[in-house]
Amino acid sequence: MTNILGISCFYHDSAACLIKDGIVVAAAEEERFTRKKHDTGFPLNAIEYCLKEGGITSQQLAYIAFYEKPLLKFERLLSQHLEMFPMSYWSFYKALPAWLNEKLRVPSVIKKKLKYNGDILFIEHHLAHAASSFLVSPFEEAAILTIDGVGEWATASYGYGKENDITLLKELKFPNSVGLLYSTVTAHLGFSVNNSEYKIMGLSPYGKPIYYDKFKKIVDVKDDGSIEFDMSYFDYHYKLTMPSRKFVEEFGPIREPHEEVTQKHKDIAASLQKITEEIIFKMLNHLYNETKMENLCIAGGVALNSVANGKITKNTPFKNVWIQPAASDAGASLGAAAYAYNTILSNKRKYEMESAYLGPSFSTEYIQKFLDDKKIIYKKFKSDDSLVKLAANLIYNNNVIGWFQGRMEFGPRALGARSILSNASNPQMKEILNTKVKHREIFRPFAPVISKEDVHDYFEIDKDEEPFMLFVYPFKQEKRKIVPSVVHVDGSGRLQTTSEGENHLYYRVIKEFEKLSGVPILVNTSFNIRGEPIVCTPEDAYKCMMGTGIDYLVIDKFLIKREDNPKDMWDSEKIAMD
Amino acid sequence: MLNKIWNAIKTVLEPIGKVMSGIVNFILLALVYFVAIGLVSIIMKIFGKHFLEIKKQNKKSNWQDHKVTKEPIEKYYRTF
């Protein structure tokens, strides 16, 4: 038995993943356990969970695979300071202690924290990203593109995968980075970096790309998709802030988080999205010309840009696109472990990632004991049939349902294991959800989940399924009025499809809802409030419901009505943040 | 009783310790930065060496060769 643990940490979205004989048995982000969004710390809780799920101890690991080469990254950091001396002092002062304490001592930190004496393999960051997508994809061979903020030196890379081997050919180097451009604008628009980039994507359809030419002044986009920045518009290579004074002169003052989002902000977001898509499609067309492969795997934080993803097949010759649900750094833990098992150890691939349900689950007995111990008033369903019928009925009657079933998702999307479900056909549902639970910016859309067999009736989509909610597609014109709460301002939706085989209870609720409403679509949003990670345990779920306006919690075989239970001292209004 | 005294001492000393470590850190890091980094940076710049490509090169393509393929396992033990 070859057990390999993959680890990613110390930058953002720390995570761990366990592969046993080539099969991914567990993967989770540390934030779900520590309740600290995008937790950067050593993922001890996630590792403990993975080992427990795999039924092993750290001594039974054949290898630990780490998702980057720390010294190469440190070399880049030093280069920044050598180049930018003396202007980079504050950033040096802030960053160096963490490097000396942890980041430069990764082997000893791992060995000490895990009481592990075996070998540690260090996989280049973009190679780990590439592996996280290709090695668990359905393809025997595929072209590969990785794009993120920055790894060691690379900010993007491309190559191809064949069977269990990956070859990367070229890379873009820091400071030219699509991810960092997106983050710079995120910061300029008053949102948090490495957290709220997806909000800018959601904001973009409200605007017109009238600042596109200004972006073209900053970013030289070559014919092959490579980019070259005018760095006088950026500060991130030597400061803790991202847009420079020149950027502010060009685009106006940095928006304060409490300030209103104006049409100008929306236009900037639209312009950014336009140039981002242009870069991605040019990169992909170049990649196709180099590889002539029809299958494509993408990874890295920019691969979470679902708006661009949904347009790939229309704008490039690629026929099939696959993206792993935890496409950003969390997924690189999976990539590092898969690369170690399949490529370094030359084992054939035998795992295809068809599900993101790789996190913790809780038994019926555990949940009942929790409910009894806390004296929570609940109803126990006698059968799955009665559960799905009642849940669908509650949703049809415009209740907001917390849905907690089975293993937690790996990656940033709630896919029917830790979700909030509601009535997509109610035009007020977006406001209801925002008032009752999410407290989020009004411009942000809610996502639809649809039964797989109905997807072509509702969406203009070029494939039969989208289980990971990573692609945005237009709703068919005539269907938009039927499900107003999940149609974005441009008529699109970031859909998830599901089927009986993928998640039977989730699927059956949708079909039961269809019997009542005639619509096989629900609103599916993550089970959390703004600023909190998605819930992990029954306690997290119960607390989230009691602190918000979620009406019911359907957890395993149990139904809990919020109004039946005393409200805990847990004020979601205080916790909700960016 | 001893515990209480110890806790009281800790309560007083902890913030002082934090301030002191902040000052020491600041001084040491400033020395490293302005002496080591600074000297190397100035000398290398005199010789025309650049550590980052922050000036536009106006190249036709900015993709850089970086062929990565499978290597012997020993290479993956390295942190560089």
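**Exercise 1.** In which helix of chain A is the place of Ser333(A)?

Solution. This is a predicted model. In chain A, residues 329–344 form helix 14, and Ser333(A) has its place there.

**Exercise 2.** Is Ser333(A) buried or exposed? Find also which residues Ser333(A) touches, leaving out those up to four places away in sequence.

Solution. Step one is the count of neighbours: Ser333(A) has 35 C-beta neighbours inside 10 Å. Step two is the cut-off: a residue is buried if 20 or more other C-beta atoms lie within 10 Å of its own. Ser333(A) therefore counts as buried. Step three is the list of contacts. Ser333(A) touches Gly6(A), Ile7(A) and Ser8(A), then Ala15(A), Ala16(A) and Cys17(A), and also Ala27(A) and Tyr67(A).

**Exercise 3.** State how far apart Ser333(A) and Asp373(A) are, in sequence and in space.

Solution. In sequence, 40 residues separate Ser333(A) and Asp373(A). In space, the C-alpha to C-alpha distance between them is 36 Å.

**Exercise 4.** List the domains of chain A, then describe how domain 1 of chain A meets domain 2 of chain A.

Solution. Start with the bounds. The domain assignment of chain A gives 3–125 + 331–344 as domain 1, 178–323 as domain 2 and 364–575 as domain 3. Next, take the distance: 27 Å lies between the C-alpha centres of domain 1 and domain 2 of chain A. Then take the contacts, in which eleven residues of domain 1 of chain A meet seven residues of domain 2 of chain A. On the domain 1 side, helix 3 (70–84) and helix 4 (89–101) of chain A are the elements that give two or more residues. Helix 4 of chain A gives the most, with three residues. Last, sort this side by class: three residues are nonpolar, six are polar and two are charged.

**Exercise 5.** Describe the side of chain B that touches chain A, and find which strand of chain A is joined to strand 1 of chain B.

Solution. Begin with the totals: 32 residues of chain B are in contact with 45 residues of chain A. On the chain B side, the elements giving two or more residues are helix 1 (2–46), strand 1 (64–68) and helix 2 (73–76) of chain B. Helix 1 of chain B gives the most, nine residues. By class, this side of chain B has 15 nonpolar, eleven polar and six charged residues. Now turn to the strands. Strand 8 (residues 165–173) of chain A is joined to strand 1 of chain B by three bridges, and the two run antiparallel. Within this pair, Val68(B) of strand 1 of chain B stands opposite Leu168(A).

Definitions and conventions:
Residues numbered from 1 in each chain as written. Chains lettered and ligands numbered in written order. Predicted model: local features only at pLDDT ≥ 70, side-chain atom pairs only at ≥ 80, totals over all residues. Domains from an automatic or database assignment. Contact = placed C-beta atoms within 7 Å. Helix = DSSP H or I, 4+ residues; strand = E, 2+ residues; numbered from the N terminus. Nonpolar A, V, L, I, M, F, W, Y, C, P; charged D, E, K, R; others polar. Buried ≥ 20, exposed ≤ 12 C-beta atoms within 10 Å, placed from the backbone. Pairing = 2+ DSSP bridges.
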